[in-house]
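Subject: Predicted model for your review

Dear colleague,

Please find below the structure that I am handing over to you. I would be grateful if you could read the notes that follow with the model open.

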Amino acid sequence: MERFNDKVVIVTGAASGIGEAVARRFSEEGANVVLVDRNDPTPVAKSLPEARTMVCKLDVSTPRAMQEVVEQTVSRFNGLDVLVNNAGIFAAGDPADITDEDWHKVIATDLDSVFYGCRAALPELRRRRGCIVNTASVSGLGADWGMSPYNAAKGGVVNLTRALALDLGKDGVRVNAVCPGLTRTGMTRDMMTDEAVLTKFRERVPLGRVCEPSEVAAVVAFLASDDASFISGANVPVDGGLTASNGQPPQN
Ligand code: NAI
(Lines give C-alpha, C1' and ligand atoms only; values in the text may rest on other atoms or scores of the structure.)
Protein backbone atom coordinates (compact mmCIF):
# COMPACT_ATOMS: atom_id res chain seq x y z
CA MET A 1 0.00 0.00 0.00
CA GLU A 2 1.51 3.34 -1.03
CA ARG A 3 -0.53 5.95 0.81
CA PHE A 4 1.95 8.77 0.23
CA ASN A 5 2.72 8.62 -3.50
CA ASP A 6 3.56 12.17 -4.71
CA LYS A 7 3.28 13.54 -1.17
CA VAL A 8 6.05 15.63 0.35
CA VAL A 9 7.01 14.97 3.98
CA ILE A 10 9.49 16.77 6.26
CA VAL A 11 10.79 14.76 9.23
CA THR A 12 12.98 16.45 11.85
CA GLY A 13 15.39 14.41 13.96
CA ALA A 14 15.62 11.97 11.05
CA ALA A 15 19.26 10.95 11.55
CA SER A 16 18.39 8.37 14.19
CA GLY A 17 15.78 6.64 16.33
CA ILE A 18 12.11 7.43 15.87
CA GLY A 19 12.73 10.09 13.20
CA GLU A 20 14.78 7.69 11.11
CA ALA A 21 12.02 5.06 11.35
CA VAL A 22 9.41 7.67 10.42
CA ALA A 23 11.41 8.83 7.38
CA ARG A 24 11.88 5.21 6.25
CA ARG A 25 8.17 4.46 6.67
CA PHE A 26 7.03 7.46 4.60
CA SER A 27 9.62 6.64 1.95
CA GLU A 28 8.46 2.99 1.81
CA GLU A 29 4.92 4.27 1.30
CA GLY A 30 5.96 6.35 -1.71
CA ALA A 31 6.61 9.84 -0.28
CA ASN A 32 9.26 12.39 -1.16
CA VAL A 33 11.03 12.75 2.18
CA VAL A 34 13.13 15.59 3.59
CA LEU A 35 15.37 14.39 6.42
CA VAL A 36 16.29 17.19 8.83
CA ASP A 37 18.79 16.84 11.66
CA ARG A 38 21.68 18.69 13.32
CA ASN A 39 23.68 15.50 12.75
CA ASP A 40 24.14 14.76 9.06
CA PRO A 41 21.22 12.50 7.98
CA THR A 42 23.06 11.43 4.81
CA PRO A 43 23.83 7.89 6.08
CA VAL A 44 20.07 7.29 6.44
CA ALA A 45 19.25 9.06 3.17
CA LYS A 46 21.73 6.89 1.26
CA SER A 47 19.52 3.84 1.74
CA LEU A 48 16.43 5.66 0.39
CA PRO A 49 15.57 6.40 -3.28
CA GLU A 50 17.75 9.34 -4.34
CA ALA A 51 15.14 11.06 -6.49
CA ARG A 52 12.65 11.16 -3.59
CA THR A 53 15.04 12.06 -0.77
CA MET A 54 16.61 15.30 0.44
CA VAL A 55 18.71 16.12 3.51
CA CYS A 56 18.99 19.33 5.56
CA LYS A 57 21.65 19.46 8.25
CA LEU A 58 20.71 22.16 10.73
CA ASP A 59 19.61 22.98 14.26
CA VAL A 60 15.80 23.17 14.37
CA SER A 61 15.74 25.17 17.61
CA THR A 62 16.49 28.50 15.94
CA PRO A 63 13.57 30.54 14.54
CA ARG A 64 14.90 30.74 10.95
CA ALA A 65 16.01 27.12 10.52
CA MET A 66 12.65 25.58 9.71
CA GLN A 67 11.85 28.48 7.38
CA GLU A 68 14.94 27.49 5.44
CA VAL A 69 13.90 23.82 5.42
CA VAL A 70 10.46 24.67 4.06
CA GLU A 71 11.94 26.94 1.36
CA GLN A 72 14.38 24.23 0.25
CA THR A 73 11.63 21.61 0.30
CA VAL A 74 9.29 23.66 -1.86
CA SER A 75 12.07 24.51 -4.27
CA ARG A 76 12.97 20.82 -4.71
CA PHE A 77 9.54 19.11 -4.47
CA ASN A 78 7.11 21.96 -5.28
CA GLY A 79 5.12 21.86 -2.06
CA LEU A 80 4.62 20.29 1.33
CA ASP A 81 1.95 17.88 2.61
CA VAL A 82 3.17 16.61 5.97
CA LEU A 83 5.40 18.07 8.69
CA VAL A 84 6.67 15.71 11.40
CA ASN A 85 8.22 17.68 14.28
CA ASN A 86 10.20 14.94 15.97
CA ALA A 87 13.69 16.23 16.89
CA GLY A 88 14.22 16.22 20.61
CA ILE A 89 16.68 16.01 23.47
CA PHE A 90 16.43 15.05 27.09
CA ALA A 91 17.79 16.43 30.37
CA ALA A 92 17.33 14.88 33.78
CA GLY A 93 18.13 15.81 37.36
CA ASP A 94 16.88 17.32 40.56
CA PRO A 95 15.18 20.67 39.78
CA ALA A 96 17.72 22.47 41.99
CA ASP A 97 20.54 21.18 39.81
CA ILE A 98 19.06 22.06 36.41
CA THR A 99 21.19 24.82 34.90
CA ASP A 100 19.79 27.77 32.92
CA GLU A 101 21.54 26.30 29.90
CA ASP A 102 19.93 22.85 30.29
CA TRP A 103 16.49 24.38 30.81
CA HIS A 104 16.68 26.64 27.75
CA LYS A 105 18.23 23.95 25.56
CA VAL A 106 15.46 21.46 26.27
CA ILE A 107 12.67 24.01 25.85
CA ALA A 108 14.25 25.39 22.66
CA THR A 109 14.78 21.97 21.09
CA ASP A 110 11.67 20.12 22.25
CA LEU A 111 9.08 22.93 22.26
CA ASP A 112 10.25 26.09 20.47
CA SER A 113 11.27 24.08 17.40
CA VAL A 114 7.79 22.57 17.13
CA PHE A 115 6.17 25.99 17.04
CA TYR A 116 8.78 27.38 14.63
CA GLY A 117 8.30 24.36 12.35
CA CYS A 118 4.51 24.66 12.34
CA ARG A 119 4.64 28.41 11.71
CA ALA A 120 7.09 28.03 8.84
CA ALA A 121 5.12 25.22 7.20
CA LEU A 122 1.72 26.81 7.58
CA PRO A 123 1.38 28.63 4.24
CA GLU A 124 2.28 25.46 2.31
CA LEU A 125 0.13 23.20 4.49
CA ARG A 126 -2.84 25.54 4.08
CA ARG A 127 -2.36 25.50 0.32
CA ARG A 128 -2.49 21.69 0.16
CA ARG A 129 -4.71 21.00 3.18
CA GLY A 130 -1.78 19.10 4.65
CA CYS A 131 -1.14 17.99 8.21
CA ILE A 132 1.25 18.06 11.15
CA VAL A 133 2.30 15.20 13.42
CA ASN A 134 4.36 16.08 16.49
CA THR A 135 6.37 13.64 18.58
CA ALA A 136 5.30 14.47 22.12
CA SER A 137 5.70 11.78 24.80
CA VAL A 138 3.94 10.05 27.67
CA SER A 139 6.09 12.59 29.56
CA GLY A 140 3.79 15.28 28.17
CA LEU A 141 0.63 13.52 29.37
CA GLY A 142 1.86 13.15 32.95
CA ALA A 143 5.05 13.88 34.88
CA ASP A 144 8.14 11.83 35.70
CA TRP A 145 10.50 11.96 38.64
CA GLY A 146 13.60 14.05 37.87
CA MET A 147 12.64 15.22 34.39
CA SER A 148 11.13 18.69 34.91
CA PRO A 149 12.45 20.47 31.76
CA TYR A 150 11.45 17.53 29.55
CA ASN A 151 8.01 17.30 31.17
CA ALA A 152 7.47 21.03 30.71
CA ALA A 153 8.52 20.91 27.06
CA LYS A 154 6.51 17.81 26.16
CA GLY A 155 3.46 19.07 28.08
CA GLY A 156 3.81 22.19 25.95
CA VAL A 157 3.85 20.12 22.77
CA VAL A 158 0.70 18.27 23.84
CA ASN A 159 -1.27 21.47 24.37
CA LEU A 160 0.29 23.24 21.37
CA THR A 161 -0.99 20.32 19.29
CA ARG A 162 -4.50 20.94 20.57
CA ALA A 163 -4.26 24.73 20.13
CA LEU A 164 -3.06 24.45 16.53
CA ALA A 165 -5.75 21.88 15.75
CA LEU A 166 -8.33 24.48 16.79
CA ASP A 167 -6.74 27.32 14.83
CA LEU A 168 -6.05 25.36 11.63
CA GLY A 169 -9.16 23.21 11.41
CA LYS A 170 -10.98 25.81 9.31
CA ASP A 171 -8.22 25.45 6.69
CA GLY A 172 -8.51 21.67 6.59
CA VAL A 173 -5.09 21.29 8.24
CA ARG A 174 -5.03 18.51 10.84
CA VAL A 175 -2.61 18.58 13.80
CA ASN A 176 -1.93 15.52 15.95
CA ALA A 177 0.80 14.09 18.15
CA VAL A 178 2.14 10.69 19.12
CA CYS A 179 3.05 10.12 22.76
CA PRO A 180 5.52 7.25 22.88
CA GLY A 181 6.54 5.46 26.05
CA LEU A 182 10.11 4.24 26.52
CA THR A 183 11.41 3.46 23.03
CA ARG A 184 14.66 1.79 21.95
CA THR A 185 16.65 4.70 20.38
CA GLY A 186 19.87 6.63 20.74
CA MET A 187 18.26 8.78 23.43
CA THR A 188 17.63 5.75 25.65
CA ARG A 189 20.73 3.68 24.78
CA ASP A 190 22.01 3.60 28.38
CA MET A 191 18.64 2.47 29.74
CA MET A 192 18.44 -0.35 27.20
CA THR A 193 21.53 -2.00 28.67
CA ASP A 194 20.48 -1.55 32.29
CA GLU A 195 18.59 -4.71 33.30
CA ALA A 196 17.32 -3.15 36.55
CA VAL A 197 15.72 -0.25 34.65
CA LEU A 198 14.28 -2.55 31.99
CA THR A 199 12.74 -4.80 34.64
CA LYS A 200 11.01 -1.81 36.25
CA PHE A 201 9.57 -0.76 32.88
CA ARG A 202 8.43 -4.31 32.05
CA GLU A 203 6.54 -4.35 35.37
CA ARG A 204 4.84 -0.99 34.74
CA VAL A 205 3.97 -1.38 31.04
CA PRO A 206 0.92 -3.65 30.57
CA LEU A 207 2.38 -5.09 27.32
CA GLY A 208 5.54 -5.89 29.29
CA ARG A 209 8.21 -4.43 27.00
CA VAL A 210 9.67 -1.24 25.55
CA CYS A 211 8.55 0.25 22.24
CA GLU A 212 10.40 -0.09 18.92
CA PRO A 213 10.83 3.01 16.69
CA SER A 214 8.95 1.33 13.83
CA GLU A 215 5.88 1.01 16.08
CA VAL A 216 5.84 4.78 16.59
CA ALA A 217 6.47 5.36 12.88
CA ALA A 218 3.41 3.28 11.98
CA VAL A 219 1.18 5.52 14.11
CA VAL A 220 2.74 8.70 12.71
CA ALA A 221 2.04 7.43 9.19
CA PHE A 222 -1.53 6.56 10.12
CA LEU A 223 -2.15 10.03 11.61
CA ALA A 224 -0.71 11.66 8.47
CA SER A 225 -2.77 9.49 6.12
CA ASP A 226 -6.30 9.85 4.79
CA ASP A 227 -7.24 6.95 7.10
CA ALA A 228 -7.13 9.59 9.88
CA SER A 229 -9.07 12.20 7.88
CA PHE A 230 -11.35 13.11 10.83
CA ILE A 231 -8.70 13.01 13.57
CA SER A 232 -7.27 16.33 14.72
CA GLY A 233 -6.06 17.60 18.10
CA ALA A 234 -5.36 14.05 19.31
CA ASN A 235 -2.34 13.12 21.45
CA VAL A 236 -2.15 9.38 20.80
CA PRO A 237 -0.29 7.25 23.35
CA VAL A 238 2.02 4.64 21.81
CA ASP A 239 2.92 3.23 25.20
CA GLY A 240 1.85 -0.40 25.53
CA GLY A 241 -0.96 0.67 27.87
CA LEU A 242 1.22 2.60 30.37
CA THR A 243 -1.04 5.65 30.60
CA ALA A 244 -4.17 3.49 31.07
CA SER A 245 -3.10 3.25 34.71
CA ASN A 246 -4.14 5.78 37.34
CA GLY A 247 -0.77 5.15 39.02
CA GLN A 248 -1.91 2.76 41.78
CA PRO A 249 0.30 -0.34 42.08
CA PRO A 250 -0.94 -3.79 40.98
CA GLN A 251 -2.45 -5.93 43.79
CA ASN A 252 -0.98 -9.21 42.58
P1 NAI B 1 17.35 10.06 19.13
O2 NAI B 1 18.37 10.75 19.97
O3 NAI B 1 17.65 8.72 18.58
O4 NAI B 1 16.90 11.00 17.93
C5 NAI B 1 16.71 12.38 18.08
C6 NAI B 1 17.27 13.06 16.85
O7 NAI B 1 16.98 14.47 16.96
C8 NAI B 1 18.80 12.92 16.75
O9 NAI B 1 19.17 12.44 15.47
C10 NAI B 1 19.31 14.31 17.03
O11 NAI B 1 20.51 14.63 16.34
C12 NAI B 1 18.14 15.17 16.55
N13 NAI B 1 18.16 16.49 17.16
C14 NAI B 1 18.25 16.79 18.48
N15 NAI B 1 18.28 18.11 18.65
C16 NAI B 1 18.21 18.68 17.41
C17 NAI B 1 18.22 20.01 16.95
N18 NAI B 1 18.30 21.05 17.78
N19 NAI B 1 18.14 20.23 15.61
C20 NAI B 1 18.06 19.18 14.75
N21 NAI B 1 18.06 17.90 15.15
C22 NAI B 1 18.14 17.65 16.46
O23 NAI B 1 16.06 10.02 20.06
P24 NAI B 1 14.58 9.53 19.78
O25 NAI B 1 14.18 8.72 20.94
O26 NAI B 1 14.41 8.98 18.43
O27 NAI B 1 13.80 10.92 19.88
C28 NAI B 1 12.88 11.39 18.89
C29 NAI B 1 11.75 12.09 19.59
O30 NAI B 1 11.00 11.14 20.32
C31 NAI B 1 12.18 13.16 20.59
O32 NAI B 1 11.32 14.28 20.47
C33 NAI B 1 11.97 12.47 21.92
O34 NAI B 1 11.75 13.39 22.96
C35 NAI B 1 10.75 11.64 21.61
N36 NAI B 1 10.48 10.54 22.52
C37 NAI B 1 11.42 9.54 22.70
C38 NAI B 1 11.14 8.50 23.56
C39 NAI B 1 12.11 7.40 23.83
O40 NAI B 1 11.92 6.64 24.78
N41 NAI B 1 13.15 7.24 23.00
C42 NAI B 1 9.85 8.42 24.29
C43 NAI B 1 8.95 9.50 23.99
C44 NAI B 1 9.27 10.52 23.13
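Residues are numbered from 1 along each chain as its sequence is written, and side-chain values use heavy atoms, with hydrogens and water left out.

**Ligand site**

The ligand is surrounded by 29 residues, a residue being counted if one of its heavy atoms lies within 4 Å. The closest are S16, D37, N86, Y150 and T185. The shell comprises eleven nonpolar, 14 polar and four charged residues; here Ala, Val, Leu, Ile, Met, Phe, Trp, Tyr, Cys and Pro count as nonpolar, Asp, Glu, Lys and Arg as charged, and the others, Gly among them, as polar.

An N or O atom in the side chain of Y150 is 2.6 Å from a ligand oxygen, and a backbone N or O atom of G186 lies 3.3 Å from an oxygen of the ligand. Taken alone, the ligand exposes 820 Å², of which the protein buries 95% (accessible areas from the Shrake-Rupley method with a 1.4 Å probe; for residues, only the protein chains shown count as cover).

T185 is located in the loop between β6 (174-180) and α6 (189-192); helices (H or I, at least four residues) and strands (E, at least two) are DSSP runs, numbered from the N terminus. With a relative accessibility of 16%, T185 counts as buried (buried is under 20% relative accessible area, exposed over 50%, partly exposed in between, with a 1.4 Å probe and protein chains only).

**Salt bridges**

The count comes to twelve salt bridges, each a side-chain nitrogen of Lys or Arg within 4 Å of a carboxyl oxygen of Asp or Glu. In one of them, E124 pairs with R127, the closest N and O atoms being 2.7 Å apart. Both residues lie in helix α4 (residues 100-128), three residues apart, about one turn of the helix. E124 is buried at 12% relative accessibility, whereas R127 is exposed at 61%.

R184 and E212 also meet in a salt bridge (3.0 Å, N to O). R184 lies in the loop between β6 and α6 and E212 in the loop between α7 (195-204) and α8 (213-224), so the pair ties together parts that are 28 residues apart in sequence. Finally, R3, R25, E29 and D227 are linked in a salt-bridge network.

With kind regards

Definitions and conventions. Predicted model: local features only at pLDDT ≥ 70, side-chain atom pairs only at ≥ 80, totals over all residues. Polar contact = N/O pair within 3.5 Å; in protein donor to acceptor, adjacent residues only side chain to side chain.
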